[in-house]
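Thanks, everyone. I have one structure to go through today, and I will keep it short. Please have a look at it first.

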Amino acid sequence: LVLRTPIYRGYYVIATASFPLDLLVSMSSSKKVRLTTFPPSKTAQDSRRQRSRVKAQEKRERYASVMKELADLLPFDESLKSSFDKSTILRLAVSYLKAKDHLGSSNRTKPTRPPAGLLTECDVESLVMPAIEGFLCVTTIDGVITYVSQNVNNYLGLYQHDMIGMSVLHYVHKDDLAEVREALLMAAIADPDSKYSFFARVKCTANKMPSGVSKSPGYKVVHCSGRVALSRSGSRAPSLVSVMCPATPTTIVEVRMKPGVFTTYNTMNLKFMKVHMNETVRTLFGYAPNDMIGRSMFEFHHVGDLPMCQKCHTELIAKGEGVSGYYRFLRQDGRWVWMQSRAAIVFDSKTAKASCIVITNYVVSETEARRQLALDGVDPDNSFPNFPE
């Protein structure tokens with residue numbers, strides 16, 4: 001503290017002294033004594049600021065270096081990694097570790113060539129994914145996506161690196177959230193290898209249908225089917241390994257006619273309005289198109305398949321698109337033909353009201369249908385509904 005006191009005719013005595021706090025307060029209130037404190041020198045302030053800036057710069061450089069090393073470990077293309085921000089790198093790294101834990105930890109630092117006869121990752125992407133006509137998705141029982149195949153962009157227009165680490169509920173239509181949450185809850189208490197199957201509307205930015213053609217614009221109905229799987233290490237909760245396939249082709253209104261395929265236009269209660277059959281299908285069923293117009297599609301269904309067909313019709317009305325299981329369709333001679341149908345509701349672009357249902361029907365062999373039903377645990381010969389007495 002510097003003490004400056006007037007003595008005579010403007011002359012001052014300057015001295016340095018130490019005083020108790022209460023004495024300084026009383027001295028500062030006196031008119032004869034004025035206390036002056038000098039701020040630190042500008043050179044000292046600049047030095048501290050410079051040291052602070054250097055430390056902050058070093059911290060940012062260390063953080064960027066760690067993020068760069070972490071990004072290099074991610075299994076993505078180098079051109080793609082350069083566009084990742086820090087939050088994306090952290091999200092993908094956490095999901096990658098979860099997926100690795102589910103598949104089994106390994107101490108190998110370099111990938112090894114798979115044994116002969118096993119498919120490589122490239123084979124899975126180029127051969128398996130196109131064969132199933134859908135994409136693969138692995139989620140935790142909390143709904144967090146730990147893996148999704150690259151071809152998800154072909155079906156939904158979304159990118160793999162944008163979906164991994166996000167909640168699957170973020171992409172599901174609000175009216176289907178309860179159904180997806182129920183599936184996740186059942187998976188949490190289900191036995192390993194338990195099967196599940198349901199339909200849900202998922203966000204889609206690819207191949208948007210024209211206005212008035214889709215009931216839920218910006219969404220696509222997908223069929224989710226798969227199994228509950230435990231991690232190999234056993235250290236984590238089970239995951240849901242799902243194959244997600246679009247319920248209907250993108251252009252179901254303009255399906256190319258092939259042998260064994262025919263298209264019908266039906267009312268909302270499934271009465272035939274128009275029937276387009278080629279000669280092969282007409283010969284197989286024995287009907288002329290005019291023989292079916294005005295009749296309900298349920299009239300041609302086997303009684304054992306009615307519960308499944310009615311459930312598919314209910315889901316179709318609710319979601320706008322749907323795909324049926326395998327069912328039997330009555331021929332004119334009284335025999336049965338196995339089929340599977342994909343349907344979509346068409347809306348009037350002027351009134352925004354449902355105008356009709358376009359159904360594409362695929363004839364399948366009895367062997368294929370029974371094999372698939374056996375995998376689903378359904379016995380078609382003992383699947384008759386319980387009608388009230």
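I will go through one alanine, then the cysteines, then some strand pairing. Keep in mind that this is a predicted model.

Start with Ala200. Ala200 sits in strand 6, which covers residues 195–203. Is Ala200 buried or exposed? Its relative accessible area is 2%, so Ala200 counts as buried. Leaving out residues up to four places away in sequence, Ala200 touches Asp176, Val180, Lys220, Val221, Val222 and Lys319. There is also a C-alpha distance to note: Ala200 and Glu321 are 121 residues apart along the chain, and their C-alpha atoms are separated by 9.8 Å.

Next, the cysteines. How many disulfides does the structure hold? The number is 0. Take Cys309, which is in no disulfide: the nearest cysteine sulfur belongs to Cys312 and is 6.3 Å away, while the cut-off for a disulfide is 2.5 Å. Cys309 has a relative accessibility of 8%, so it counts as buried. Cys356 is buried as well, with a relative accessible area of 10%.

Now strand 14, residues 354–363. Which strands pair with strand 14? One is strand 9, residues 261–266, which pairs with strand 14 in the antiparallel sense over 6 bridges. Within that pairing, Thr263 stands opposite Thr360. Another is strand 13, residues 336–347, also antiparallel to strand 14, over 9 bridges. There, Ala344 has Val358 as its bridge partner. Strand 13 and strand 14 form a hairpin with 6 residues between them. In that turn, Ala352 has a positive phi of about 65 degrees.

That is what I had.

Note on methods. Residues numbered from 1 in each chain as written. Predicted model: local features only at pLDDT ≥ 70, side-chain atom pairs only at ≥ 80, totals over all residues. Heavy atoms only, no water. Helix = DSSP H or I, 4+ residues; strand = E, 2+ residues; numbered from the N terminus. Buried < 20%, exposed > 50% of the residue type's maximum accessible area, 1.4 Å probe, protein only. Contact = heavy atoms within 4.5 Å. Pairing = 2+ DSSP bridges.
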